[in-house]
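Here is a short briefing on one protein chain. Look at the structure, then work through the points by topic.

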Amino acid sequence: MKRREFITLLGGAAVAWPLAARAQQPRLPIIGYLHGGSAEPRALMIAAFREGLAEASYVEGQNVGIEFRWAEGRADQLPAMASELVHRQVAVLVAAGGDAAPKAAKAATDRIPIVSASGGDPIATGLVKSLARPEANLTGVTFFTTTLGPKRLELLRELVPNAAAIAMLVHPGSTGDSTEVAGAARALGLPLRTLHAASDRDIDAAFRTLGQERTDALLIVSNPLFTDRREQIVTLANHYRIPAIYALREYATAGGLMSYGASIKDAYRQTGVYAGHILKGTKPGELPVLQPSKFELVINLRTAKALGLELRPTLLALPDEVIE
């Protein structure tokens with residue numbers, strides 16, 4: 001063989017080897033991530049999810065991929081998005097941002113493992129039959145935002161003891177929490193005005209009504225759209241000088257007066273841990289649905305002062321965190 005021919009053959013082999021090596025590399029498992037809200041307001045929560053994955057030894061781009069689908073508050077889009085991820089043959093389907101996303105995921109597949117993160121009671125909403133031993137292909141985390149409404153009403157009454165006009169802002173898709181709050185208000189003999197909002201424009205209109213009616217106190221029912229628009233809601237509540245209580249700490253850190261609930265960041269981190277366990281072969285039925293062990297009361301003292309509120313010593317003794 002001539003020297004020139006040998007060099008040509010050797011060069012061709014050098015090109016072929018990397019191509020062959022790439023062809024033999026195993027395909028990364030893909031996590032499908034279905035969410036009822038929007039991406040930007042949840043950057044810290046998704047970071048917590050990735051932290052959980054890392055705890056289970058999975059890093060996006062290295063040994064796992066993630067495909068996100070964001071409904072941006074349009075729950076009617078979730079079933080199609082869930083079906084799309086199932087068709088994509090993802091290894092695990094994570095569903096978060098309200099109860100609608102896990103329900104859509106469960107309706108889309110009984111084969112692909114699902115890890116849910118929701119604020120409702122997963123037994124009451126039909127996601128699982130048992131928290132300790134969930135059946136079929138779904139497990140996850142609940143932070144019980146929808147069962148804490150009566151407690152938030154109690155804290156709101158402690159905050160504004162002489163409130164005569166109390167209101168509740170509800171998304172039309174959030175019925176569980178509002179029903180329990182309405183029942184608690186009746187038991188306490190408190191008049192409760194309910195306003196609904198399903199868009200930015202609805203939120204603005206609701207607060208104009210609250211301002212005109214001179215509402216004394218406000219309870220915000222948890223919903224993915226409201227979490228997305230928390231800065232808008234907090235700004236409006238403070239503008240109209242309405243003392244308000246929220247479900248998540250993130251509202252208080254955005255300037256909201258007070259929040260009471262479980263840590264949503266911890267919940268998202270745990271979904272990452274669970275997704276990692278499932279990628280390693282653990283079945284969803286072997287992972288109990290996790291419940292929060294602690295609920296946080298956060299008071300923004302700066303906002304309280306701006307609203308001219310004098311907080312009782314009994315209330316100031318309760319918070320897990322005071323923002324000054």
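Helix 7 (residues 200–212) and helix 9 (residues 230–239) pack at an angle of about 15°, and their axes lie 10 Å apart. The model is predicted: local features need pLDDT of at least 70, side-chain atom pairs count only at pLDDT 80 or more, and totals for chains, interfaces and linings use all residues. Residues are numbered from 1 along each chain as its sequence is written, and side-chain values use heavy atoms, with hydrogens and water left out.

- Axes are lines fitted to C-alpha atoms, for helices over the stretch in contact, and angles run from 0 to 180 degrees between N-to-C directions.
- Helix 7 and helix 9 are therefore roughly parallel to each other. Angles under 35 degrees count as roughly parallel, over 145 as roughly antiparallel, 65 to 115 as roughly perpendicular and the rest as oblique.
- Their crossing is right-handed. That term applies if the near helix is turned clockwise from the far one by less than a right angle, while anticlockwise is left-handed.
- Helix 7 makes the contact with Asp200, Ile203, Asp204 and Phe207, and helix 9 with Gln232, Ile233, Leu236 and Ala237. Contact means heavy atoms within 4.5 Å.
- The residues of this contact divide into 5 nonpolar, 1 polar and 2 charged. Ala, Val, Leu, Ile, Met, Phe, Trp, Tyr, Cys and Pro count as nonpolar, Asp, Glu, Lys and Arg as charged, and the others, Gly among them, as polar.

**Helix 3 and helix 4**

- The axes of helix 3 (residues 78–87) and helix 4 (residues 100–108) cross at roughly 50° and come within 8 Å. That angle makes helix 3 oblique to helix 4.
- Helix 3 passes helix 4 in a right-handed crossing.
- On helix 3, the contact is made by Leu78, Pro79, Ala82, Ser83 and Val86. On helix 4, Ala100, Ala101, Ala104, Ala105 and Ala108 make it.
- This contact has 9 nonpolar residues, 1 polar and no charged.

- Ser259 lies in strand 10 (residues 258–261). Ser259 counts as buried because its relative accessibility is 1%. Buried means under 20% relative accessible area, exposed over 50%, and partly exposed in between (1.4 Å probe, protein chains only).
- Not counting residues up to four places away in sequence, Ser259 touches Ile245, Tyr246, Leu248, Arg249, Ala252, Glu296, Leu297 and Val298.
- Ser222 sits in the loop between strand 8 (217–220) and helix 8 (224–228). Ser222 also counts as buried, at 16% relative accessibility.
- Ser222 touches Thr145, Ser174, Asp177 and Ala247, again leaving out residues up to four places away in sequence.
- Ala164 lies in the loop between helix 5 (149–159) and strand 6 (166–170). At 53% relative accessibility, Ala164 counts as exposed.
- Leaving aside neighbours within four places in sequence, Ala164 is in contact with Pro191 and Asp216. Ala164 and Asp216 are 52 residues apart along the chain, yet their C-alpha atoms are separated by 6.5 Å.

**The whole chain**

- The secondary structure comes to 13 helices and 12 strands.
- Buried residues make up 49% of the 324 residues.
- The C-alpha atoms fill a box of roughly 100 × 40 × 35 Å, taken along the principal axes.
- Among contacts between residues at least 6 apart in sequence, 71% join residues at least 24 apart.

Technical notes:
Helices (H or I, at least four residues) and strands (E, at least two) are DSSP runs, numbered from the N terminus.
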